[in-house]
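Please read the numbered points alongside the sequence and the model.

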Amino acid sequence: MDSIAQRTHTCGELRPEHAGQTVTIQGWVDSVRDKGGVMFLILRDRYGRVQVTLDERCGPNAWTDAKAARLEYVLEVQGKIHTREDHAVNAKMETGAIEIIADRVRVLTTTKPLPFTITDEAKASEEVRLKYRYLDLRRGPLQDALKTRHKAALAVRNHMDANGFLEIETPILNRSTPEGARDYLVPSRVHAGHWYALPQSPQIFKQLLMVSGMDRYFQIVKCFRDEDLRADRQPEFTQIDVEMSFCTRESITTMANDLTRHVWSTVIGHEIGEIPTITYHEAMERFGRDAPDIRFAMEHTTVDWASSEFRVVSGAAEAGGIVKAMVVKGGVEGTSRKVIDGWTEFVKRYRLGGLLWGKVNADGWTGPLSKVEAELRAQIPDVEVGDLVLVGAGPAAHVHAGLGKLREHIARQRDIIPNGTFSFVWVVDFPAFDHDEENDRWVAMHHPFTKPLDEHIGWLGTDKMGDILSDAYDLVCNGSEIGGGSIRIHEADVQAKVFTALGLSDEEAQDKFGFLMNALQYGAPPHGGLAMGFDRWCMLLCGTENIRDVIAFPKTTTAQDLMAGAPNRVDPAQLDELYVKNTDG
């Protein structure tokens, strides 16, 4: 085959001002229409689409060669640009005001029968599309998502550079340290029986960079967590990692606000206003979640109802639980008993025992809550005729989880979440520690390097461990946590007290975190930072709810790459070199 000609233009850039020019384009056949005496080819590349016309004006061999073209063949077309008549302009294509009259058409590559038709609408199952991801990536929406991702990364780097941050790479192969999720482990060939771990985050290294004097660090970095997956989670993910010295919570959140505003404005032209701040306690009280979606109301009200005639309610209160109510505005209409039963089953997934309900009618309430209408009206504000009242009771964690998830479930069902909006909120003052009932020990709510509030440091190791709040903060958008961080512990003695409170002996702490503990004794500055979930940012910027839509080669919800066939078995000789054996036969 002759070598290809030099491309003069992309498929998406041609306009009426190019009329009269002879051009060379290359791309994939998007459609073929043979009208007998005239043929139309739509050629596509990542820049757009353009129409190639073959009629009596085309070159002598162009018609014959074009007849061989099929969908997704790769063609080279040489021809002259003509403007279309007004009635023939295709307003659906950016190049729709022109056409290329072909002088020459050349097939560069043919294709096997396609496993699915490549159109903007995904018409094949996700499993098939992931197996043939390189074909799926030819679809416009996925290409647009990758362009958006590129623009977002570029905007981050430009903004951080302009504000004095250095992008510094941290190691991928490191030691295993517990940070909540399971590590991905890598066996060492040269150190028998020893293992590396892929980083869940660059946490310790970015703190060491602060000790080293690199006072403004950032990195767009790959991280790895071996955990159960869902629509917004992958085993390998990308985060915008940031650390600052001599900072406060306010200076970090201000920096993060500026970065977020810059990216949203640069990438999609959206201007973010003031971002409110609420405490963790307030988020749980009002929304039942520490990552609340504040685009709609339907907030929770805690009810004082210890003397209720409903034993499930009074019993929950007596056992130290809580009772919360939620009002679905206009919920009487369209909400049958079957629908309520479905909601009851929904909350049981989150260990909430059930729901009590009452429909507010003009002549009084109906449903189980009608018996206590007066007590509830006195405690729940703004209940109106046509509203539906829902009540849950039980342990606080179960009530918060059940009603919190139900609030968002109902909002999606009733289509009350405004489209195309972004509602950001900072959540601060998280509990520092959570009690692991099964193992009867305290664990760090975020990670063990998070500084407790100054006034709570003295409570470490006492019976007030559960009351200690941390200087931590999460950025939430539309009900999704898109960033989080904390002020770090920079004093070695305080870090040692936290490790002790978490049940680590001095030997264990030294073995797992000795290099950090040692570094903190050499003039560590006060510092803090955060990590922004870059994949989740791109989900929001692209308006999708599936993280796989914004990653070029994602894994499935079972952590598999269907295209590459990963994970896969390896040759036993490779395992022998690594001193590893398969135990599953």
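1. Helix 12 and helix 13 pass one another in a right-handed crossing, where right-handed means that the near helix is turned clockwise from the far one by less than a right angle. Helices are DSSP runs of H or I with at least four residues, and strands are runs of E with at least two, numbered from the N terminus. The contact (heavy atoms within 4.5 Å) involves A492, Q495, A496, F499 and T500 of helix 12 and D506, A509, F513 and M517 of helix 13. The axes of helix 12 (residues 492-501) and helix 13 (residues 506-519) come within 11 Å and cross at roughly 145°; axes are lines fitted to C-alpha atoms over the stretch in contact, with angles from 0 to 180 degrees between N-to-C directions.

2. The model is predicted, with local features requiring pLDDT of at least 70 and side-chain atom pairs pLDDT 80 or more, while totals for chains, interfaces and linings use all residues. Residues are numbered from 1 along each chain as its sequence is written, and side-chain values use heavy atoms, without hydrogens and water.

3. H18 belongs to the segment before strand 1. H18 is buried because its relative accessibility is 13%, buried being under 20%, exposed over 50% and partly exposed in between (1.4 Å probe, protein chains only). Leaving aside residues up to four places away in sequence, H18 touches H9, E13 and I81.

4. S3 is likewise placed in the segment before strand 1 (22-34). S3 counts as exposed because its relative accessibility is 67%.

5. L173 sits in the loop between strand 6 (166-167) and strand 7 (185-187). With a relative accessible area of 45%, L173 is partly exposed.
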